[in-house]
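Q: I have a model open and want to learn how to read it. Where do I begin?

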Amino acid sequence: MLAATQEETMFRPAITGHGVFTPSESITNDELVAAFNAYADMWNERHAEDIASGEVQAMDRSTSDFIFSASGIERRYVLDKSGVLDPERMFPHLPARPDEAPSIMAEMAVDACGKALDMAGRAGADVDLVICAASNHERAYPAIAIEIQQLLGAQGFAFDMNVACSSATFGMQAAADMIRSGSVRRALVVNPEICSGHLEWRDRDCHFIFGDVCTAVLIENAEEAQGARFDIVSTRCATQFSNNIRNNNGFLRRTHDQMEDRRDMQFMQNGRKVFKEVLPMVSAHILGHMQAEGWEADDLKRLWLHQANKTMNDFIGKKVLGRPPEEGEQPNILQDYANTSSAGSIIAFSKNSGDLSPGDRGVICSFGAGYSVGSVLVERG
Ligand code: CO8
């Protein structure tokens with residue numbers, strides 16, 4: 001491993017590999033809505049007396065038309081479809097594993113990292129940093145990242161980080177800075193997102209939002225790249241506290257004497273407020289970052305945005321480019337994957353960057369809970 005000393009030359013970090021693990025099961029809006037409405041009908045039947053007396057409100061039914069028009073989402077991949085679609089359950093079955101077995105997140109990560117390493121022509125042993133950056137981790141410790149490091153046969157060190165939907169870009173900034181300084185040589189930033197585990201599938205306002213996936217990028221010194229690469233020209237992260245996206249589950253749950261599965265133990269959001277407040281924050285962030293690097297809107301070949309909502313992305317694209325994005329300039333994958341938290345912008349990048357030519361520029365940008373926003377300016381090397 002290289003030591004980061006003041007005398008060291010600065011290195012140029014580049015993305016040399018990327019990969020996506022996609023679960024084999026997916027749920028269409030129609031399937032999701034059928035399960036939700038069966039649950040709602042059952043719930044209304046069980047609470048018929050209280051509903052009749054006005055004590056509780058009947059549950060409203062969900063519709064595929066609303067989901068598509070409000071979000072642009074058509075389907076989502078999940079690790080377990082049967083549990084989610086069972087009206088008596090409404091969350092996935094992911095049986096506990098013995099301590100000796102790999103965790104689910106590590107297993108997803110090994111698949112995505114393997115694809116990123118293959119693309120770059122590298123082996124696990126060539127890597128000396130693994131950052132597992134995700135919006136939830138399967139356990140508190142030992143770090144999932146260290147388990148992934150071991151499964152891949154990687155060297156050096158590894159750690160977990162969580163910046164909700166911005167985890168991937170914040171992780172990329174951390175890795176790129178370490179490559180730049182020379183303290184690490186090759187880093188994997190991996191984002192296993194099991195959103196189905198912390199989504200409230202019984203809440204009509206949000207039951208359609210999330211899906212499961214894992215993405216990975218390999219970042220190394222551009223001069224050591226063995227194939228195609230995207231140079232990381234600059235990274236920028238920002239946060240601003242907001243309660244509008246929140247999950248109150250945590251290690252103090254037992255001490256609060258509240259063991260029951262309360263609504264706020266899962267993902268909660270005030271979607272309308274998020275929509276309104278995050279849009280200007282993200283547009284200003286990307287424009288400020290580009291301006292600081294002397295980049296003009298016309299320099300951009302592609303925008304790979306966080307995948308939460310199509311209307312949101314259309315708005316940001318228009319603000320950044322100064323005109324509506326043309327076909328292919330701002331690719332969305334949310335119609336197939338839904339919101340996959342930190343992985344969304346990396347799926348968009350991974351599936352829509354192979355056609356760019358040397359010198360072409362683009363921006364990877366994530367945003368979400370915190371609030372948090374992270375942007376990575378890249379140029380095809
Ligand atoms: N079917 C039919 N009608 C519905 C449904 C439904 N499923 N849901 C709501 N409606 C109705 C409402 O009742 C309302 O009716 P009325 O007007 O009569 O009151 C009407 O539709 C409009 O409701 P909303 O105002 O709630 O709908 P919006 O148009 O605002 O759309 C969205 C809702 C899609 C949620 C939208 O607000 C949105 O996309 N907001 C931004 C969300 C976002 O980007 N969040 C980022 C969070 S992700 C993140 O940071 C990571 C967190 C960690 C990951 C957690 C993983 C689980």
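The dialogue below goes through the sheet, one of its strands, a helix and some salt bridges.

Q: What kind of model is this, and how are residues numbered?
A: It is a predicted model: local features need pLDDT of at least 70, side-chain atom pairs count only at pLDDT 80 or more, and totals for chains, interfaces and linings use all residues. Residues are numbered from 1 along each chain as its sequence is written, and side-chain values use heavy atoms, with hydrogens and water left out.

Q: In what order do the strands of the open sheet lie?
A: Start with the terms. Helices (H or I, at least four residues) and strands (E, at least two) are DSSP runs, numbered from the N terminus. Two strands pair if DSSP finds at least two bridges between them. Here 9 strands form an open sheet with mixed pairing, ordered β5-β4-β6-β7-β1-β8-β13-β12-β11. β5 and β11 are the edge strands, each pairing on one side only. From one strand to the next, the twist averages 25°.

Q: How do β1 and β7 pair?
A: Strand β1 (residues 13–21) pairs with β7 in the antiparallel sense, over 8 bridges. His18 stands opposite Val217 in β7.

Q: Which strands does α5 touch on the sheet?
A: Contact means heavy atoms within 4.5 Å. α5 packs on the sheet and touches β1, β4, β6 and β7. For directions, axes are lines fitted to C-alpha atoms, for helices over the stretch in contact, and angles run from 0 to 180 degrees between N-to-C directions. The direction of α5 makes about 130° with that of β1. α7 also packs on the sheet, with β8 and β12 among the strands it touches. The direction of α7 makes about 125° with that of β8.

Q: Why is strand β12 largely enclosed?
A: Check burial. Buried means under 20% relative accessible area, exposed over 50%, partly exposed in between (1.4 Å probe, protein chains only). In β12 (residues 361–368), 7 of the 8 residues are buried, so the rest of the structure largely encloses this strand.

Q: Which strands are joined to β12, and in what sense?
A: Strand β11 (residues 300–305) runs parallel to β12, joined by 5 bridges. Trp304 has Ile364 in β12 as its bridge partner. Strand β13 (residues 372–380) runs antiparallel to β12, with 8 bridges. There, Phe367 stands opposite Val373 in β13. β12 and β13 form a hairpin with 3 residues between them. Gly370, in the turn, has a positive phi of about 140°.

Q: Which residues of helix α6 are buried?
A: In α6 (residues 144–152), they are Ile144, Ala145, Glu147, Ile148, Gln149 and Leu152. Their packing partners are α5 (104–120), β4 (129–133), β5 (157–161) and β6 (186–194). Gly153 follows α6 and has a positive phi, near 70°.

Q: How many salt bridges does the structure hold?
A: A salt bridge is a side-chain nitrogen of Lys or Arg within 4 Å of a carboxyl oxygen of Asp or Glu. The structure holds 25. One of them joins the side chains of Asp41 and Arg61 (2.8 Å, N to O). Asp41 lies in helix α1 (residues 29–46) and Arg61 in the loop between α2 (48–52) and α3 (64–71), so the pair ties together parts 20 residues apart in sequence.

Q: Are Asp41 and Arg61 buried or partly exposed?
A: Asp41 is partly exposed, at 34% relative accessibility. Arg61 is also partly exposed, at 47% relative accessible area.
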